[in-house]
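Student: I have a new structure to look at. Can you show me how to read it, one feature at a time?

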Amino acid sequence: MAAVPFLTPDEVDALAARAHAGQYDRIGVPYVEHVRAVAAGVAPFGAGLRMAALLHDVLEDTPLTAGDLLAAGVPAAVVATVRRVTRTPGADYRTMLLDVATDHAATLVKIADNAHNSRADRAALLPEADRARLAERYRAARAVLWPAVAEADVRTVLALVNPDLLAELD
């Protein structure tokens with residue numbers, strides 16, 4: 001049996017778009033736009049990280065499994081990163097973050113995810129109660145994630161996804 005060729009980043013983008021078709025985020029934007037924003041934030045770190053970012057929510061939010069991704073031609077290292085950033089049902093959020101913070105690639109994806117979710121223009125469209133609760137959750141996550149990688153890496157991601165957060169580094 002011939003090996004499945006690896007997908008390109010553009011093919012992974014199309015896979016993510018299909019997987020998230022019909023899904024919308026909390027503010028009513030097609031969900032694929034979120035994963036694309038996260039991918040843009042890690043693009044300077046290579047194609048593999050970009051692919052992991054495009055797929056970072058598929059295991060949580062779609063019927064796709066890690067096996068499906070591998071069978072489709074997603075590289076195993078990319079799937080491993082996606083699995084690391086996927087919160088399993090019932091798992092404690094902080095425990096998941098501490099695990100993510102042990103892996104450079106997963107940490108960068110999660111920093112980009114957090115930065116996009118923390119954008120003021122997006123938060124402004126949420127109900128006030130959700131806005132305050134999520135802002136605190138994302139602040140606490142940054143306290144775990146940011147120290148786990150070089151400050152230059154954090155700055156690179158933030159500059160692309162949410163430059164307003166750069167002030168928290170200074």
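## Reading the model

Tutor: Start with one residue. His34 is buried, with a relative accessible area of 2%. Keep in mind that this is a predicted model.

Student: Where does His34 lie?

Tutor: His34 sits in helix α2.

Student: Which side chain does the side chain of His34 make a polar contact with?

Tutor: That of His116, at 2.8 Å.

Student: Which residues is His34 in contact with, leaving aside its neighbours within four places in sequence?

Tutor: His56, Asp57, Asp113, His116, Asn117 and Arg122.

Student: Now the whole chain. How many helices and strands does the secondary structure have?

Tutor: It comes to 12 helices and 0 strands. Read along the sequence, the pattern is α-α-α-α-α-α-α-α-α-α-α-α.

Student: How do I judge the overall form?

Tutor: Compare the radius of gyration with that of a compact globule. For 170 residues, such a globule would have a value near 15 Å. The chain has 16 Å, which agrees. Its C-alpha atoms fill a box of roughly 55 × 35 × 30 Å along the principal axes.

Student: What share of the residues is buried?

Tutor: Buried residues make up 44% of the 170 in the chain. As for the surface, the chain exposes about 8400 Å². Carbon and sulfur atoms supply 57% of that area.

Student: What do contacts say about the fold?

Tutor: Look at the separation in sequence. Take contacts between residues at least 6 apart. Of these, 62% join residues at least 24 apart.

Student: How do I read a helix by its buried residues?

Tutor: Ask where they fall around the axis. In α1, residues 9-19, the buried ones are Pro9, Val12, Asp13, Leu15, Ala16 and Ala19. They cover an arc of only 160° around the axis, which puts them on the same side of α1. On the other side of α1, Asp10 and Arg18 are exposed.

Student: What do the buried residues of α1 pack against?

Tutor: Four helices: α2 (31-42), α3 (47-54), α4 (58-61) and α5 (66-72).

Student: Which residues of α6 are buried?

Tutor: Val78, Val79, Thr81, Val82 and Val85. Their arc is only 160° around the axis, so they are on the same side of α6. The face turned away from that buried side carries the exposed residues Ala76, Ala77 and Arg83. The buried residues of α6 pack against α3, α4, α5, α7 and α8.

Student: And which residues of α7 are buried?

Tutor: In α7, residues 93-100, they are Tyr93, Met96, Leu97 and Val100. Seen down the axis, they fall within an arc of 100°, so they line one face of α7. Their cover includes α6 (76-85), α8 (104-117) and α10 (128-145).

Student: What is found at the start of α7?

Tutor: A side-chain oxygen of Asp92 there reaches to within 3.3 Å of the backbone nitrogen of Arg94.

Student: What is the general idea behind a nonpolar core?

Tutor: In soluble globular proteins, nonpolar side chains tend to be buried together. Here, the largest nonpolar core has 46 residues. Leu55, Leu69, Val74 and Ile111 touch the most other members.

Student: What is Val74 in contact with, beyond four places in sequence?

Tutor: Phe6, Leu7, Leu15, Leu55, Leu69 and Val79.

Student: Is Trp146 buried or exposed?

Tutor: Trp146 is buried, with a relative accessible area of 11%. The cut-off for buried is under 20%. Trp146 is found in the loop between α10 and α11 (151-161). Outside its sequence neighbours within four places, Trp146 is in contact with Ile111, Val154, Leu158, Leu165, Glu168 and Leu169.

Student: Where is Ser118 found?

Tutor: In the loop between α8 and α9 (120-123). At 18% relative accessibility, Ser118 counts as buried. Not counting residues up to four places away in sequence, Ser118 touches Tyr138, Arg142, Asn162 and Leu165.

Notes. Residues numbered from 1 in each chain as written. Predicted model: local features only at pLDDT ≥ 70, side-chain atom pairs only at ≥ 80, totals over all residues. Heavy atoms only, no water. Buried < 20%, exposed > 50% of the residue type's maximum accessible area, 1.4 Å probe, protein only. Helix = DSSP H or I, 4+ residues; strand = E, 2+ residues; numbered from the N terminus. Arc of directions from axis to C-beta. Contact = heavy atoms within 4.5 Å. Core = buried A, V, L, I, M, F, W, Y, C linked by side-chain atoms within 4.5 Å. Rg over C-alpha atoms; globule rule 2.2 N^0.38 Å. Areas by Shrake-Rupley, 256 points an atom, 1.4 Å probe, with all protein chains shown as cover. Polar contact = N/O pair within 3.5 Å; in protein donor to acceptor, adjacent residues only side chain to side chain.
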